[in-house]
Amino acid sequence: MVAKTFSAMHWGVDAIKIEVEVDYTKGVPQFVIVGLPDAEVRESKERIHSAIKNSGFPFPPGRVRVNLAPADIKKEGSLLDLPIAIAVLSSFGYIPPERLREYMLLGELALDGGLRKVSGVLPASILAKSEGLKLVVPSANAYEGAVVKGGKVFGLSNLGEVVKFILGEMEIDPAEFNETQTYPEYDVDMEDVRGMEYVKRACEVAAAGGHNILMIGPPGSGKTMIARRIPTILPEMEEEEAIETTKIYSVAGLMPSGEGLITTRPFRAPHHTVSEVALIGGGSVPRPGEVSLAHNGVLFLDELPEFSRQALESLRQPMEDGKVRISRARGSAEFPANFMLVAAMNPCPCGHFGDKTKNCTCTVSAINRYQGKISGPLLDRIDIFINVQPLTYDEFRNKKGEKSSSIRERVRKAREIQIKRFEGRGIYTNSRMTPRMIKEFCKLSAEAENLLRMASNRMGISARGISRILKVARTIADLEGSRDIQTHHIAEAIQYRQNVGEYWMT
Ligand SMILES: Nc1ncnc2c1ncn2[C@@H]1O[C@H](COP(=O)(O)OP(=O)(O)OP(=O)(O)O)[C@@H](O)[C@H]1O
Ligand SMILES: [Mg+2]
Ligand SMILES: [Zn+2]
């Protein structure tokens, strides 16, 4: 008998429908799977065979031939265990084949027939809904699938249950996603950072507009400490943002069990030894890299010059486009990568170049070499530069700083203004404005225009640099609730570019 059912594989952050067809004829035992990489076939067969037997279904002798289509998609075998096993059981006559037509099935089988969590359930759920199919997944994935409104997702815990469910012998309700969204608890807070009001202010502006920021300063001046607290001043994600980010974690197989939607903005801090593939993404079945795992959140690169040149250069394209494209034989996969870059570095190898309290012991060429690791084009993509000076004793003994929650409130207000401004334009923050949007939304008074002209002539700022100043000034105005960009907004934004000059040799 021939039986057919459906499954899905993810490609980029989307899912592709897979047809699973099984043909069974009595005779000499043979179990063939066509359309999977060889190495995975053997393991798959073993799991499916054992799971069927251990779920109490006799495995009659004969030739079982499984065909997976389309053939040209590179498949990761394990999540096809469940649809294959169900189609096999149907070909044996345990389930009427016509019943399978209304389902999309996803799940890895344990030898005892239990269902194990898989990756890519959210994109599959979006596909199942558009195809009008009911989605059956392991219980641990049910909430993730249920995030899609109007879809029908059923979480089950073993093969026997799935059979009963399809036969209509077991009633269960579709999984429901309950949106009890609370702001995540962090165990750090901006109030731990004493003094350094100018640094915190720069972080607030960066957070408000999603701007890339580079902190430069001597060892121990608090760069890492402050960077780690930036997520605590970011507002929670909009629902759309949360779905985008969740899709990425879903296909990366990084969803926490039983979790539906990721609502906490990601904070990714890869070590400087990270490979280009781990940073950007890649692999034969393309996987998202750190830049995509940081989508709608923060990518923190501590000790920036320690990263390989190759890794740093590979950041340029995602920083410009907000996404990564990975080319493969069967077309390219795309992953969103709209992150806020927070980077930190010492100004020189010894760390004290430009330090007001200690002398730098480096040679000029050593400093040049060190700073030269970060190329001009990468620097050009950073909106805010901030010099971090070590605290003095008195500052350190000062009272605590402002709480993250109150800074976050201002950031949230500024972001609300931006969300309204960019409605229907596919962006959420000022940092992602196109040149045309800059023209439309960053009109300057004559006085502000004058100031910007003078500063850019004096500082030799590139056209890209001027765009960045305008975007940052827009954010500063939004933080103030000001419709127009005023002179003092431009002045502050220029300050965040001028900072490079103080530490930079060239
Ligand atoms: N403003 C501050 N308020 C409170 N503690 C601070 C402050 N600045 C620094 N510290 C203390 O100094 C420690 C070192 O700071 P941190 O590791 O952030 O420095 P850094 O600038 O990243 O140094 P490096 O360049 O060596 O990485 C912090 O863990 C913290 O205890
Ligand atoms: Mg540090
Ligand atoms: Zn030095």
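## Helices α4 and α9

In this predicted model, Val121, Leu122, Pro123 and Ile126 of helix α4 meet Ile243, Thr246, Lys247, Ser250 and Val251 of helix α9. By class, the residues of the contact between α4 and α9 comprise six nonpolar, two polar and one charged. Lys247 of α9 is the charged member, since lysine is counted in that class.

Helix α4 covers residues 121-131 and helix α9 covers residues 239-251; their axes come within 7 Å and cross at roughly 115°. The two helices, α4 and α9, are therefore roughly perpendicular to each other.

## Helices α2 and α6

On the α2 side, the residues in contact are Leu82, Ala85, Ile86 and Leu89, which meet Leu159, Val162, Val163 and Ile166 of α6. The contact of α2 with α6 consists of eight nonpolar residues, with no polar and no charged ones.

## Helices α17 and α20

The axes of helix α17 (residues 404-421) and helix α20 (residues 463-479) come within 8 Å, crossing at roughly 115°. The crossing of α17 and α20 is right-handed.

From α17, the residues Arg410, Val411, Ala414, Ile417, Gln418 and Arg421 meet Arg474, Asp478 and Leu479 of α20. Sorted by class, the contact of α17 with α20 has four nonpolar residues, one polar residue and four charged residues. Because arginine and aspartate count as charged, the charged group includes Arg410 and Arg421 from α17 together with Arg474 and Asp478 from α20.

For Thr224, an N or O atom in the side chain is 2.7 Å from an oxygen atom of ligand 1. For Met225, a backbone N or O atom lies 2.8 Å from an oxygen atom of ligand 1. Ser221 likewise places a backbone N or O atom 3.2 Å from an oxygen atom of the ligand.

## Backbone features in loops

Most residues other than glycine have a negative phi, and most peptide bonds are trans. The peptide bond joining Ala69 and Pro70 is cis, with omega at about 0°. Pro70 belongs to the loop between strand β4 (62-69) and helix α2.

The other case is Asn296, which has a positive phi of about 70° although it is not a glycine. Asn296 lies in the loop between helix α11 (290-293) and strand β14 (298-301).

Technical notes: Residues are numbered from 1 along each chain as its sequence is written. Chains are lettered from A and ligands numbered from 1 in the order in which they are written. This is a predicted model: local features need pLDDT of at least 70, side-chain atom pairs count only at pLDDT 80 or more; totals for chains, interfaces and linings use all residues. Side-chain values use heavy atoms; hydrogens and water are left out. Contact means heavy atoms within 4.5 Å. Helices (H or I, at least four residues) and strands (E, at least two) are DSSP runs, numbered from the N terminus. A polar contact is a pair of N or O atoms within 3.5 Å; within protein, one must be able to donate a hydrogen and the other to accept it, and residues adjacent in sequence count only if both atoms are side-chain atoms. Axes are lines fitted to C-alpha atoms, for helices over the stretch in contact, and angles run from 0 to 180 degrees between N-to-C directions. Angles under 35 degrees count as roughly parallel, over 145 as roughly antiparallel, 65 to 115 as roughly perpendicular and the rest as oblique. A crossing is left-handed if the near helix is turned anticlockwise from the far one by less than a right angle, and right-handed if clockwise.
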